Amino acid sequence: MSDQRVDKLWGGRFSESTDAFVEAFTASVDFDRRLYRHDIEGSKAHARMLAHVGVLGDRECDDIVAGLDEILGEIERGEFEWSVGLEDVHMNIEARLTARIGAAGKKLHTGRSRNDQVATDIRLWLREEIDHILAELKRARRGLLDLAEREADTIMPGFTHLQVAMPVTFGHHLLAWYEMLARDSARLRDARRRVNVMPLGAAALAGTTYPIDRAYAASLLGFEGVAANSLDAVSDRDFAIETCAAAALIMTHLSRMSEEMILWASAQFGFVDLPDRFCTGSSIMPQKKNPDVPELLRGKAGRVNGDLISLLTLMKGQPLAYNKDNQEDKEPLFDAVDTVRGSLRMFADMVPAIEPRRERMRAAAMQGYATATDLADYLVRKGVPFRDAHEVVGKAVRHGIERDLDLSELPLDELQAFSDQIGPDVFDVLTLEGSVAARGHYGGTAPNAVWARIKEARTTLDNE
């Protein structure tokens, strides 16, 4: 990175050089140079559009496009010298282009401003990143479906308030995770439509007097449409905030899933084993196997939440149109996207490697009187009002606690002491398998319901 003082491309109005510290403080090239490929892509489309409407000659356009391609090669080979004095990725590339091809390079900026240029670059970059995130989401969702299919009849306790509530299947629980990520995918696909709108042509804030063809440029860049208002086009960062909000929700979901994995992998639960490659040890306690990957995923959720708050706070007091504050949009957006993309990759790698401990899950489901609601429903089907059934079962549970026996372990005569409607068939509903099977309707816990949802979900994935 060069810090050599350079003449500013905008310096004609100024009578003295920028203060060295101000120059460094206001420069963004340290972080926005990652947009180089999208900046070059946008500039090539802009040049072709100018030639298309006759503002540039064909030879000038060809020279600009060829020069930009050469600069792209320099950057990717690590030969490009970035200058803080040139402030940002755009002016670094434009200055290098002019040095390479001469006067034609100075014509590239005709009919545009850095305001609409940077807004275009960010949208091009973000559109591509969303596609990468969607691919990782799809991979994670497929992994969950594969594991849920294998564990569709594995019984585990379902919890509310982290207390045993009813028996469910591990497959059903994993499908709850799947539904979270399915909503995340839909949310991102929807956000992508608003990202995919071209601001180029708004120039600084009020458009340009040149006879530009915005639709032509949009078609070259793959945008679905053009921004309808020039003031809004250069100052809008809703699309970045919306993407960060979607990323924060993804990380919130990954954090919740990670919390459950951390609990399940503990000695107190023992529901799952995580392979060694996703864990680390202790520097002092040789027996430890720490679930560092899910712990770190859980921790990174707070980081992305912070990125979202940064962007919301950045925009909350800005008047129209562009303001220098907007330079601060990139680092939180870059961080949120990088974090969620890496986190999803890690999660998608880890899910297929989860090793369920089926007997521990089943044993845990036998604790906490998980089939109590099934007994109440049984009595209702015998004609007992639900509130009366609720009270009967509550007394039976209290009796079981005193005897240290599950409801299914209590003798029939002891159960019948609480209601004369209880018959020998009661034990059909007090088994874990009976309880799970009874909830076989759509969205239920029974294996057939799990498999039906998996089949439906796979079709949806294949069609996305």
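**Close-up views of the predicted model**

**View 1. The second largest cavity.** Six nonpolar residues, one polar residue and one charged residue make up the lining of the second largest cavity. Here Ala, Val, Leu, Ile, Met, Phe, Trp, Tyr, Cys and Pro count as nonpolar, Asp, Glu, Lys and Arg as charged, and the others, Gly among them, as polar. The model is predicted, so local features need pLDDT of at least 70 and side-chain atom pairs count only at pLDDT 80 or more, while totals for chains, interfaces and linings use all residues. Residues are numbered from 1 along each chain as its sequence is written, and side-chain values use heavy atoms, with hydrogens and water left out. The lining consists of Ala365, Met366, Tyr369, Ala370, Thr371, Asp406, Leu430 and Leu432. The volume of this cavity is about 30 Å³. On a 1 Å grid over the protein atoms alone, a cavity is a set of points where a 1.4 Å probe fits but cannot get out, a pocket is an open set with protein on both sides within 12 Å along at least five of seven lines, and lining residues have an atom within 4 Å of a point. Grid points are joined across faces, edges and corners, and a volume is the space filled by probe spheres set on the points.

**View 2. The largest cavity.** A search of the whole structure finds two cavities of 30 Å³ or more, and the largest has a volume of about 40 Å³. Its lining is formed by His46, Met49, Gly111, Arg112, Asp116, Met198, Leu200, Gly201, Ile212, Asp213, Arg214 and Ala217. Two or more of these residues come from each of helix 3 (36-52) and helix 9 (214-221); helices (H or I, at least four residues) and strands (E, at least two) are DSSP runs, numbered from the N terminus. By class, five lining residues are nonpolar, three are polar and four are charged.

**View 3. The largest pocket.** This pocket holds about 360 Å³ of space. Of its 17 lining residues, Phe159, His173, Trp177, Glu260 and Trp264 lie nearest its centre. Strand 1 (155-160), helix 8 (170-195) and helix 11 (238-265) each contribute at least two residues to the lining, and helix 11 gives the most, with six. The lining comprises nine nonpolar, five polar and three charged residues.

View 4. Asn196 lies in the loop between helix 8 and strand 3 (197-198). Asn196 counts as buried because its relative accessibility is 2%; buried means under 20% relative accessible area, exposed over 50%, and partly exposed in between (1.4 Å probe, protein chains only). The side chain of Asn196 makes a polar contact with that of Arg127 at 2.7 Å and reaches the backbone oxygen of Gly222 at 3.4 Å. A polar contact is a pair of N or O atoms within 3.5 Å; within protein, one must be able to donate a hydrogen and the other to accept it, and residues adjacent in sequence count only if both atoms are side-chain atoms.

**View 5. Helix 15 and its cover.** In helix 15 (residues 372-381), the buried residues are Ala372, Asp374, Leu375, Ala376, Tyr378 and Leu379. Among the elements that cover them are helix 16 (386-403), helix 18 (427-430) and helix 19 (432-437), with contact taken as heavy atoms within 4.5 Å.
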